[in-house]
Amino acid sequence: MIPSIHKQGASTAGLIAYLFGAGRSEEHVDPHLVASFDGLAPDPGRDLGATEDDLQQLLDEPLHLLSEDTRPDKHVWHASVRAAPGDRTLTDAEWADIARRVIAATGIDPGDGAGCRWAAVRHADDHIHLIATLVREDGRKPDHHRSGKRAQAECRRIEADYDLHRVAPGDGTAAKRPTSAERHKAQRQGRDRTAREELRETVRRAAAGTGSEAEFFDRLASAGLLVKRRTAPSGDTLGYTVALPEDRNKDGAPVHYSGSKLAPDLSLPRLRERWTGAPTRPTPAQASRPASARRHATGAVWHAVLLIDHGDDGTVAAQLAAAGEVLDALAKTSAAHTRTQLRQAATAFERAARSHIRAERGQDQALRQAARDLVHSGPALGRGEDGAAGAMLIDMAFFLAVAASAWHARKSHAQQAVAALQAADHLRAAYEAAAAQPMALFQQRGRHMSPPLQHQQAAALRHAVPELADRILAEPGWPALAATLADAQAAGHSPADLLAEATQRRELDSATSISDVLVWRLRRLAQLPADPSSAPVGTVRTGSIQAPAYIAQTTVKPASDNARRR
């Protein structure tokens with residue numbers, strides 16, 4: 001149940017005409033009253049003998065209790081209450097009860113017998129509008145201070161009473177929702193999303209990893225948007241608006257939205273904080289390839305996860321904001337088979353990237369650079385090193401989303417905590433698609449390892465993480481982890497030491513497959529290729545590697561001099 005308190009107005013007649021009219025986009029269906037202050041107000045929608053003027057005169061009657069000088073300039077109070085997506089269709093009687101409860105909770109008519117006059121209008125299945133005159137029957141002004149928060153609190157109780165979807169309480173930092181008119185317009189045009197939603201996503205992805213204002217506006221133009229800048233007499237840019245070329249009003253003019261109307265952090269002043277507080281540099285040549293950019297981003301995300309777990313609030317807020325840029329960049333450059341889930345993950349995380357805690361810019365430079373490198377590396381292939389490195393990054397991004405949700409929950413940021421978990425769900429689905437091929441090859445290589453080498457890696461596992469060993473050895477992904485441990489050993493690393501480092505620095509309880517997680521963590525820590533075909537296990541000879549003390553010497557041949565020198 002989602003209440004919205006709209007701006008106060010000066011014309012009761014004008015608002016009534018809108019509520020009982022066809023709507024800006026012909027979206028109003030069967031407008032009628034469901035409740036009013038006395039239950040007897042005329043209904044211009046269904047009563048042929050009632051007019052809109054009758055309802056207006058009844059609601060405005062208390063104004064005559066005041067002199068011309070003391071009447072409020074804007075006496076029209078307007079709110080709407082909308083059911084959450086997926087809720088059942090409520091009856092008129094149910095909406096009437098909801099209207100009375102919200103009106104009472106906001107202080108418009110608290111039930112003392114002298115409240116404001118009001119009416120509730122329904123012209124769609126999923127919401128009602130509330131209209132009231134802000135003069136009480138006794139001539140006093142109503143106490144409707146903080147009516148928005150009071151309406152939110154009452155709607156939480158209404159959800160429980162009516163067994164409706166529990167909407168997480170907000171903190172005022174969410175992006176503005178599309179209006180009913182915008183949604184109906186999109187439906188008429190056969191579009192899946194409103195222009196506002198499409199523009200928000202396009203602008204957000206254009207901003208990901210940008211290093212300057214000029215680069216940002218160049219990206220907006222390259223994305224095909226119509227862009228207008230608002231300038232001062234000095235020529236300095238004060239703000240901007242964007243429009244879709246095909247989105248026009250009734251006069252045929254493009255419908256423009258300012259950045260702040262798309263999302264609070266897309267206003268030009270907020271974007272400038274990114275560019276000055278955490279500037280990015282041109283992408284170096286070695287990071288211009290998709291696989292390299294993804295490996296670099298994996299390291300930046302891993303560091304961000306640790307900061308989210310242990311950093312101060314300002315640092316964490318900066319990490320979350322920049323993590324949104326990384327997800328936007330990843331979605332923009334993803335392979336076809338992961339694109340849908342990654343875009344949905346980025347869209348969900350957008351809500352988790354903002355709160356009232358101010359980000360300490362400068363702490364997020366590594367993530368912002370990673371986002372820039374991803375964009376400049378271009379679209380990735382879904383196979384080979386590109387695909388495997390992409391799976392590695394998505395796996396790490398999943399843990400970042402889980403850590404973000406836990407942090408928001410500790411701060412009582414309910415909407416952000418839910419949004420981060422939604423992003424994690426999409427990232428898990430994207431990971432499964434991205435990792436299917438490389439993991440299958442890792443597992444095949446692991447199953448083809450010699451029994452002594454398999455025993456050696458199992459012993460290393462039991463030595464490093466005895467509390468997890470039985471669970472990991474029983475997982476389908478264990479052969480892939482065994483192959484990775486063998487690769488690390490061949491590269492001169494201690495498998496047990498790597499395992500200890502990979503498991504001690506971050507929890508693994510939220511992982512569906514611990515083996516999968518450890519494969520990518522170990523390959524990143526040991527700087528091993530992400531692609532399974534790049535380092536075949538067959539190159540490792542068990543007789544040429546020093547056997548650690550925790551492995552039974554009867555299963556491994558004595559080590560060579562070269563191995564001892566390592």
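This report describes the overall fold, the salt bridges and a charged surface patch of a predicted model.

## Overall build

The protein chain comprises 21 helices and 8 strands, and its C-alpha trace spans about 105 × 55 × 40 Å along the principal axes. Of the 566 residues, 54% are buried, while the accessible surface comes to about 24900 Å², with 50% of that area belonging to carbon and sulfur atoms. Among contacts between residues at least 6 apart in sequence, 73% join residues at least 24 apart.

## Salt bridges

The count of salt bridges comes to 41. One of them joins the side chains of aspartate 92 and arginine 122, at 2.7 Å from N to O, and this pair links distant parts of the chain, with aspartate 92 in helix α3 (residues 92-106) and arginine 122 in strand β4 (residues 116-124), 30 residues apart. Arginine 122 counts as buried because its relative accessibility is 7%, whereas aspartate 92, at 27%, is partly exposed. Both residues also belong to a network of salt bridges that includes Asp30 and Arg46.

Helix α3 also holds arginine 101, whose side chain meets that of aspartate 161 in a salt bridge of 2.9 Å, N to O. Aspartate 161 lies in helix α4 (residues 147-162), 60 residues apart from arginine 101, and counts as exposed at 52% relative accessibility.

## Charge on the surface

The chain carries 72 positive and 69 negative charges, whose mean positions are 8 Å apart. On the surface, Lys7, Lys74, Lys176 and Lys261 gather in a patch of positive charge. Lysine 261 is placed in helix α8 (residues 259-262) and, at 47% relative accessibility, counts as partly exposed.

Technical notes. Residues are numbered from 1 along each chain as its sequence is written. This is a predicted model: local features need pLDDT of at least 70, side-chain atom pairs count only at pLDDT 80 or more; totals for chains, interfaces and linings use all residues. Side-chain values use heavy atoms; hydrogens and water are left out. Patches are made of residues with over 30% relative accessible area and no salt bridge: like charges are joined within 9 Å, nonpolar side chains (Val, Leu, Ile, Met, Phe, Trp, Tyr) within 5 Å. Accessible areas come from the Shrake-Rupley method with a 1.4 Å probe; for residues, only the protein chains shown count as cover. A salt bridge is a side-chain nitrogen of Lys or Arg within 4 Å of a carboxyl oxygen of Asp or Glu. Lys and Arg count as positive and Asp and Glu as negative; His and the chain ends are not counted. The place of a charge is taken as NZ of Lys, CZ of Arg, CG of Asp or CD of Glu. Helices (H or I, at least four residues) and strands (E, at least two) are DSSP runs, numbered from the N terminus. Buried means under 20% relative accessible area, exposed over 50%, partly exposed in between (1.4 Å probe, protein chains only). Contact means heavy atoms within 4.5 Å.
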